[in-house]
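Keep the structure open beside you as you read.

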Amino acid sequence: PKKYGLRQTIADTLGVGGVMRALRTVPVLLDIADDVAELCPDATWLQYVNPMAMNMMAIAARHPGLKAVGLCHSVQGTAAMLARDLGEKPEDVDFDCAGINHVAFYTRFEKKGSGEDLYPRLREVAKQVVGGERTSTRTEEPMDHGKNMPEKVRYEMLLRLGHFVTESSEHFSEYVPWFIKSHQPELVERFGIPLDDYIDRCEYATTKWQNIAAKMDEEKLPAERSDEYASHIALALAGGAPAVFNGNVANRDLLIPNLPASACVEVPCDVDAKGIRPRKVAALPAHLAAVMQTNINVQELAVKAILEGRREHVYHAVMLDPHAGAELSLDQIWQMVDEMIAAHGDYIPAALRA
């Protein structure tokens with residue numbers, strides 16, 4: 001993509017990077033789904049792999065009866081960041097959040113006890129962050145690979161859309177057509193967008209895992225509970241304390257009424273020993289649903305390409321991607337997809353290579 005002038009940051013969830021990751025990942029997950037359906041159809045499958053929405057849409061289409069739920073950490077992680085940005089403790093905020101994975105929005109963000117609406121204060125923070133007067137607390141803590149991540153994109157979107165989105169600025173900048181533009185390179189600098197960041201993260205992760213493996217040969221590493229949902233869900237299913245989490249599930253029951261039934265949505269879920277029960281939520285504000293629909297278009301076409309073995313839908317998915325469509329001509333998209341399919345070889349299904 002970079003050869004054609006299409007720059008990406010993470011490239012594993014949407015866009016041409018997300019589509020290609022789906023082409024090589026969904027078939028593997030469908031093999032697992034077939035095994036689950038045959039060997040343990042009553043099992044609860046906690047699925048953490050990206051591209052989350054495409055993966056879960058494919059699983060639901062192939063085996064609608066499986067108890068599969070997709071898990072991410074963006075909802076609880078972003079809520080904690082916003083609390084810290086306001087000088088509050090994460091445990092002292094309460095919220096409603098719904099949408100699709102990485103493009104969900106907090107429709108309510110309040111202080112526990114008093115019920116104070118925290119959005120007016122967040123808008124003041126947004127003006128300061130976007131204006132360069134202060135930084136987000138996430139920016140002040142370098143990531144594992146040593147980079148500081150400005151949160152100007154998401155705070156800009158708060159000022160434009162009125163609600164805060166769940167996934168990081170580096171992710172969200174490539175889900176929409178407004179921030180990464182080859183003819184406006186000053187936007188990348190202005191919003192601090194880390195182009196090609198996933199490559200650096202992968203190189204760091206490889207080294208990190210090698211170091212962990214070496215340590216495990218020498219010592220027993222401590223295990224600590226994180227804020228990831230899986231352990232809380234497992235405990236609740238086993239009869240422990242009930243829990244609430246945001247999970248990625250099929251929208252076939254119109255859990256979000258103004259998104260397609262074929263979509264994978266991220267909604268609050270209750271879990272206890274009786275199982276996982278996704279909640280129905282109110283229709284989302286129209287402009288937020290519209291942003292999500294631009295992503296759902298790509299997700300649906302990529303999944304159709306895989307399930308139906310139709311290579312033309314790979315092109316269609318990338319054509320309708322907001323970022324690719326804003327940067328490239330149709331000829332460029334076709335040529336780029338051809339090159340990427342050829343480069344993947346047998347990592348993707350044979351029907352899509354023909």
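A pocket here is an open set of points on a 1 Å grid over the protein atoms alone, with protein on both sides within 12 Å along at least five of seven lines, while a cavity is a set of points where a 1.4 Å probe fits but cannot get out; lining residues have an atom within 4 Å of a point. Grid points are joined across faces, edges and corners, and a volume is the space filled by probe spheres set on the points. The model is predicted, so local features need pLDDT of at least 70 and side-chain atom pairs count only at pLDDT 80 or more, whereas totals for chains, interfaces and linings use all residues. Residues are numbered from 1 along each chain as its sequence is written, and side-chain values use heavy atoms, with hydrogens and water left out.

Start with the largest pocket, which has a volume of about 1400 Å³. Of its 39 lining residues, His73, Met143, His171, Arg201 and Glu228 lie nearest the centre. Helix α8 (197–216) supplies at least two lining residues, as do α3 (74–85) and α6 (169–172); the largest share, seven residues, comes from α8. (Helices, H or I of at least four residues, and strands, E of at least two, are DSSP runs numbered from the N terminus.) By class, this lining has 14 nonpolar, 11 polar and 14 charged residues. Ala, Val, Leu, Ile, Met, Phe, Trp, Tyr, Cys and Pro count as nonpolar, Asp, Glu, Lys and Arg as charged, and the others, Gly among them, as polar.

Next comes the second largest pocket, with about 600 Å³ of space. Its lining has 30 residues, and Ala60, Ala68, Val249, Ala250 and Arg252 lie nearest its centre. Among the elements giving two or more residues to this lining are α2 (52–62), β2 (67–70) and β5 (243–250). Here the classes are 19 nonpolar, four polar and seven charged residues.

The largest cavity holds about 50 Å³, and its lining includes Leu6, Glu174, Asp321 and His323.

Finally, how many disulfides are there? With a disulfide taken as a pair of cysteine sulfur atoms within 2.5 Å, the count is zero. The sulfur of cysteine 202 is too far for a bond, because the closest cysteine sulfur, in cysteine 72, is 16 Å away.
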